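Thank you all for coming. I would like to take a few minutes to walk through one structure with you, so please have a look at it before I go on.

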Amino acid sequence: MLMTIIYIVITILLASLINVIYLMMKSKAINFREKYSTFECGMDLMNSLRLPFSLHFYFISIVFLIFDVELMLILPFAFCFKLFNMMNTFVMIYMLMLTLILGFFYEWWTGLLDWMM
């Protein structure tokens, strides 16, 4: 019973300490708002930083991530040669590579891999 009361008191003290530290840091952040604002060659910003960008860059990054993850799926097949039947492992590798190649050709066919803007 005594340990439970000590645990509750320590928890309340720790939570209070974290809240006090937060409030002290929050007041400093409000006072230095100009200090933390965006700085561009000593002048104020002329326009918003949220400029539209081409979706082409987004698609290229997604394609890179997809192919990167799929290539990481190939690495465990080195261990499959020792554990499983050789024919089953080749069929699994073939299916994965077929999926990769078909995905690559689909992205090429739809124009996601065109580098001309």
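Predicted model: local features only at pLDDT ≥ 70, side-chain atom pairs only at ≥ 80, totals over all residues.

**Rings and surface on the helices**

Let me begin with phenylalanine 104 and tryptophan 108, which lie four residues apart in helix 4 (residues 86-110) and are therefore separated by about one helical turn.

A search of the whole structure finds four aromatic pairs. In the pair made by phenylalanine 104 and tryptophan 108, the ring centres are 5.8 Å apart and the planes stand at 45°, so this pair is tilted. As for how open phenylalanine 104 is, its relative accessibility is 35%, so it counts as partly exposed.

Now to the record: UniProt, in an unreviewed entry, places the feature "transmembrane region" at residues 6-25, 55-79 and 91-109. In the model, residues 91-109 are 100% helix and 0% strand, with the end C-alpha atoms 26 Å apart. For residues 55-79, the span is 84% helix and 0% strand, and its end C-alpha atoms lie 39 Å apart.

Which residues form a nonpolar patch on the surface? The patch is formed by Leu55, Tyr58, Phe59, Ile62, Phe64, Leu65 and Ile66, which together have about 660 Å² of accessible area. One of these, leucine 65, sits in helix 2 (residues 55-72), and because its relative accessibility is 46%, leucine 65 counts as partly exposed.

Terms used:
Residues numbered from 1 in each chain as written. Heavy atoms only, no water. UniProt positions renumbered as here; feature names shortened; annotations may be inferred. Helix = DSSP H or I, 4+ residues; strand = E, 2+ residues; numbered from the N terminus. Patch = residues over 30% accessible without salt bridge, like charges linked within 9 Å, V, L, I, M, F, W, Y side chains within 5 Å. Areas by Shrake-Rupley, 256 points an atom, 1.4 Å probe, with all protein chains shown as cover. Salt bridge = Lys/Arg side-chain N within 4 Å of Asp/Glu carboxyl O. Buried < 20%, exposed > 50% of the residue type's maximum accessible area, 1.4 Å probe, protein only. Phe/Tyr/Trp six-rings, centres within 6.5 Å; stacked < 30°, edge-to-face > 60°.
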